[in-house]
Amino acid sequence: RPRKAGELFLSGYSEKIYCSGSRPIEEPEREHEGRLFKKYLFEKFKVPETALVSDSNENSLTMTDNVRGFLNFLGNYKGNAKSIIMVTTAHNLRRGWVIFQKYTDDLKIVRCNSGIRTGVERDNWYKSPLGIKLIYEEYEKIRIQQLTDTS
């Protein structure tokens, strides 16, 4: 995800990169994904720190938390964004887009696939333990969002 975001930034598609993500709830000692992404983009892609924003919510548990955090940032941002590029993994694209649709009216969401994991393509995901795990986790997340009315 950060690699694709860095490529898009260097190609002139955006002026800022908002790095979201948390850490698995079962791994509280793991570093916050948003901060890791920000560090990676600064070190590997030489994206200026002024163009990088990491989600301030240390304890976000869901993509909805990440979207809300981003929209709070956007509300305070001095620019006038009419569109955003959402970069995420293929299996998360639709869920992310649906969440953005729930919380925005006039913001254009451009979805960008950050890449597909080997062995988890559209036609073979059910043949690998990782593919089954990822899709099952997506199902769980969608169901939780339905139950909590955050989808």
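The second largest pocket here has a volume of about 650 Å³, the volume being the space filled by probe spheres set on grid points that are joined across faces, edges and corners. A quick word on ground rules: this is a predicted model, where local features need pLDDT of at least 70, side-chain atom pairs count only at pLDDT 80 or more, and totals for chains, interfaces and linings use all residues. Residues are numbered from 1 along each chain as its sequence is written, and side-chain values use heavy atoms, with hydrogens and water left out.

**The pocket**

- A pocket, on a 1 Å grid over the protein atoms alone, is an open set of points where a 1.4 Å probe fits, with protein on both sides within 12 Å along at least five of seven lines; lining residues have an atom within 4 Å of a point.
- There are 21 lining residues in the second largest pocket, and Ala-90, His-91, Leu-93, Arg-94 and Ile-135 sit nearest its centre.
- Helix 5 supplies the largest share of that lining, five residues, and helix 4 and helix 5 each put in at least two.
- Helices (H or I, at least four residues) and strands (E, at least two) are DSSP runs, numbered from the N terminus.
- Sorted by class, the lining has nine nonpolar, six polar and six charged residues; Ala, Val, Leu, Ile, Met, Phe, Trp, Tyr, Cys and Pro count as nonpolar, Asp, Glu, Lys and Arg as charged, and the others, Gly among them, as polar.

**Helix 4 and what follows it**

- Helix 4 spans residues 93-103, and its buried residues are Leu-93, Arg-95, Gly-96, Ile-99 and Phe-100.
- Buried means under 20% relative accessible area, exposed over 50%, and partly exposed in between (1.4 Å probe, protein chains only).
- Those buried residues pack against helix 3 (63-76), strand 3 (83-88), strand 4 (108-113) and helix 5 (129-147), with contact meaning heavy atoms within 4.5 Å.
- Lys-102 is also in helix 4, and it counts as partly exposed because its relative accessibility is 34%.
- Lys-102 and Thr-64 are 38 residues apart in sequence, yet their C-alpha atoms are 9.8 Å apart in space.
- Thr-104 belongs to the loop between helix 4 and strand 4, and it counts as buried because its relative accessibility is 11%.
- A polar atom of the Thr-104 side chain lies 2.6 Å from the backbone oxygen of Phe-100.

**The largest nonpolar core**

- A nonpolar core is a set of buried Ala, Val, Leu, Ile, Met, Phe, Trp, Tyr and Cys residues joined through side-chain atoms within 4.5 Å.
- The largest one has 14 residues, and those with the most contacts inside it are Val-67, Phe-70, Leu-71, Ile-84, Phe-100, Leu-107 and Ile-109.
- Helix 3, strand 3 and helix 4 are the elements that give two or more residues to this core, and helix 3 gives the most, with five.
- Ile-84 touches Phe-70, Phe-100, Leu-107, Lys-108, Ile-109 and Val-110, leaving out residues up to four places away in sequence.

**The second core and Val-47**

- A second, separate core has 10 residues, including Ile-17, Leu-41, Phe-45 and Val-47.
- Val-47 sits in the loop between helix 2 (33-45) and strand 2 (52-54), and it counts as buried because its relative accessibility is 0%.
- Val-47 and Gly-6 are 41 residues apart in sequence, with 7.4 Å between their C-alpha atoms.

**Two lysines around helix 2**

- Lys-46 is in the loop between helix 2 and strand 2, and it counts as exposed because its relative accessibility is 62%.
- Lys-46 has a positive phi of about 60°, although it is not a glycine.
- Lys-38 is in helix 2, and it counts as partly exposed because its relative accessibility is 24%.
- Setting aside neighbours within four places in sequence, Lys-38 is in contact with Cys-19, Leu-52 and Ser-54.
- Lys-38 and Lys-102 are 64 residues apart in sequence and 27 Å apart in space, C-alpha to C-alpha.

Note on methods:
Polar contact = N/O pair within 3.5 Å; in protein donor to acceptor, adjacent residues only side chain to side chain.
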